[in-house]
Amino acid sequence: MGRRPEMRTRAAPASLRRPHRVPPGGTIGIAAPASVVDPERLAAGEASLRAAGFKTRRRDDLLDRHGYLAGDDVRRAAELMQLVDDPEVHAIVCARGGYGSHRIMTRLDAGRVRAAAKPLVGYSDVTTLLLWQRRCAGLLGFHGPMLERDEGMDTAGLAALVELLTRGETSAAVLVGTAGYGGRAEGPLVGGN
C-alpha cells in the first residue's frame, strides 16, 4: 500500500469569512473537480449563466477524461487553483460532482483560497471541497446548482444563484421535518450531501 499524502493545509483562521460579491456582468469560472463532464449539458449550463448576464471562463482541458474522472488529479487541482488565482474570475461554479473531489484536496492552497475569497458553488461530491474550504481556509462556500445538472438551473434556481452571487444574501430558510428526538435546536447548518 502506498503512503497516504499529507494535507498541505493549515488550521482554519479564527474568523469565518464570506466570499466577495460578484459584480454585474462578472466572470464565472467553471471547474470540473470530480467526474467526467458531458459537453452538451455543460454548454447548456454555460448558456444559462451567460443569459443571466455573466461571462464564463473555463480551461480547454475541462472535458478531459482520466477513467471516470475529469482528468487526472493534477489537472483538476491545477484548474481549481488557476481559477482561484485569476483576477478576472469572480466566482467558481462546478460543472458537476460525482466522485473525485477529495482526491485533490492535498494539492489546494488554503491561504490562496482565503485571500481570493471567491464564491465556490456546487453540491454532491463538491461538498468535500466546500467543507475543506470552510475548515482549512475559513471561507464560506455555497451548496448550489452545477452546470451539468438540470436541477437548480431552472428559472427559479438560476435566479436564486444570481441573487446569492451578486448580493451575497439569501432569504432565511425554514427547514421543516420530523425530529428523531424531542426538543429544539438552533445554530448554523453545515454540511451538504
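Strands β1 and β3 run parallel and are joined by four bridges, where strands count as paired if DSSP finds at least two bridges between them. The model is predicted: local features need pLDDT of at least 70, side-chain atom pairs count only at pLDDT 80 or more, and totals for chains, interfaces and linings use all residues. Residues are numbered from 1 along each chain as its sequence is written, and side-chain values use heavy atoms, with hydrogens and water left out.

Strand β1 (residues 27-31) also runs parallel to β2 (residues 55-57), to which three bridges join β1. Gly29 has Arg57 as its bridge partner in β2. Between β1 and β2 the chain passes through helix α1 (residues 39-51), and this β-α-β crossover is right-handed; that is, with the strands pointing away from the viewer, the path from the first strand over the helix to the second runs clockwise. Helices (H or I, at least four residues) and strands (E, at least two) are DSSP runs, numbered from the N terminus.

In a regular strand the side chains alternate between the two faces of the sheet. In β1, Thr27, Gly29 and Ala31 point one way, while Ile28 and Ile30 point the other way, and all are buried (under 20% relative accessible area; exposed is over 50%, partly exposed in between; 1.4 Å probe, protein chains only).

A nonpolar core is a set of buried Ala, Val, Leu, Ile, Met, Phe, Trp, Tyr and Cys residues joined through side-chain atoms within 4.5 Å. The largest nonpolar core has 26 residues, of which Leu80, Ile92, Leu108, Val113, Leu120, Leu129 and Trp132 touch the most other members. At least two residues of this core come from each of α2 (73-85), β3 (91-94), α3 (110-116) and α4 (127-137). A second, separate core of 21 residues includes Val93, Val121, Leu147 and Met153.
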